[in-house]
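I opened the notebook to look up charged side chains.

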Amino acid sequence: MTGPPVNFRSSQLARQQRRVAYLLLAPAIIILLALAIYPLIYAGTLSFRVDPLYNPKVARFVGWRNFTDLFEDSRFWASIQLTLYWAFVVVAIQMVLGFFLAILLDSKLRGSGVLRSLIIIPVFISPIAMGLNWRFIFEPVTGLANWILSNGLGFEKYSWLSHVDTALTTLMLVDCWQWIPFVALILLAGMQSISPEIVEAARLDRIRGIKYYVKIVLPLIRPVIMVVILIRLVDEIRMFDLNYIMTEGGPGSSTLLASTYDYTIFKHGHLGLMAAYGFLILILINGVVGIFLNTLYRSEKAARQEDMN
């Protein structure tokens, strides 16, 4: 008697392996469906309804009305415009200062290893705890910032978070304080991944100092820079916790970013309007991600063509 054909054995083994793979993936798929897919579908259906939080009996389907109400709302456009301004300005500051900090850490100064460990601490602080601490620091009467301003420098105390002229700038300062170290360490990792042969060739050609980082390092870590910009832009567009804890969008609407405005709609009980705004923010984020991925793909394609030529 002969055994089963080899092809039958291999196909049976392949089916068993697929079943095991599906069983191993099942918990992750269930969690993904429960925590991401289902809420997204539910929010999508909710965005086409009037569903008051405090009076659910009058809930009904209204089609595109929530979206048209948002498009006719001046505060909606103001919050989107402010969010884009906030995101691009803050990310630009973080990238520039983070790059110079990465250069400082890459220079192998004494104590640079300890410095790397210390500067990453702000990234691990809870945004709510950090927002509360900074709000106390900028408190107009007993805050540390005003104590230094009045007792140390002889100036009058100032309400940093209560004035339209300084509230947004103060928020930007705090956000940059937290995320510049993150940007610097990612760029530093990109710098230190450059081939030693390239570094040695640059030294032989006497390309040193800032010229080395501009002509050699920047082109080589361009993909890393693009990824960091993408991560930070997405994070800044959906900024909520720091904004809400420190100013709640005030004074007036001077710091009313998109996510904070969406939460304000929720507090008033307009669940359908809130869901519609959330979907518009999602579309905005996907648009930014799409643009940057397309830019990254084109730059990589152009770099490969240059190498082939």
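**Charge pairs and a patch**

I started with Asp69, which is partly exposed because its relative accessible area is 31%, between the 20% and 50% cut-offs. I noted that the model is predicted.

I looked up the partner of Asp69 next. Asp69 forms a salt bridge with Arg65, with the closest N and O atoms 3.7 Å apart. Both residues sit in helix α2 (residues 65–71), 4 residues apart, about one turn of the helix. Arg65 is partly exposed too, at 41% relative accessibility.

I then asked how many salt bridges the structure holds. The count is 4.

I moved to helix α11 (residues 222–237), where Arg232 and Asp235 lie 3 residues apart. Their salt bridge has its closest N and O atoms 2.8 Å apart. Arg232 also meets Glu236 in a salt bridge, at 2.4 Å from N to O. Arg232 and Glu236 are about one helical turn apart, because 4 residues separate them in helix α11.

I checked cover here: are Arg232 and Glu236 buried or exposed? Arg232 is buried, at 1% relative accessibility. Glu236 is buried as well, at 0%.

Last, I looked for a positive surface patch. Lys108, Arg203, Arg206 and Arg208 form one. I placed Lys108 in the loop between α3 (74–106) and α4 (112–119). Lys108 counts as exposed because its relative accessibility is 67%, and the cut-off is over 50%.

How values were computed:
Residues numbered from 1 in each chain as written. Predicted model: local features only at pLDDT ≥ 70, side-chain atom pairs only at ≥ 80, totals over all residues. Heavy atoms only, no water. Patch = residues over 30% accessible without salt bridge, like charges linked within 9 Å, V, L, I, M, F, W, Y side chains within 5 Å. Areas by Shrake-Rupley, 256 points an atom, 1.4 Å probe, with all protein chains shown as cover. Salt bridge = Lys/Arg side-chain N within 4 Å of Asp/Glu carboxyl O. Lys, Arg positive; Asp, Glu negative; His and termini not counted. Charge placed at Lys NZ, Arg CZ, Asp CG, Glu CD. Helix = DSSP H or I, 4+ residues; strand = E, 2+ residues; numbered from the N terminus. Buried < 20%, exposed > 50% of the residue type's maximum accessible area, 1.4 Å probe, protein only.
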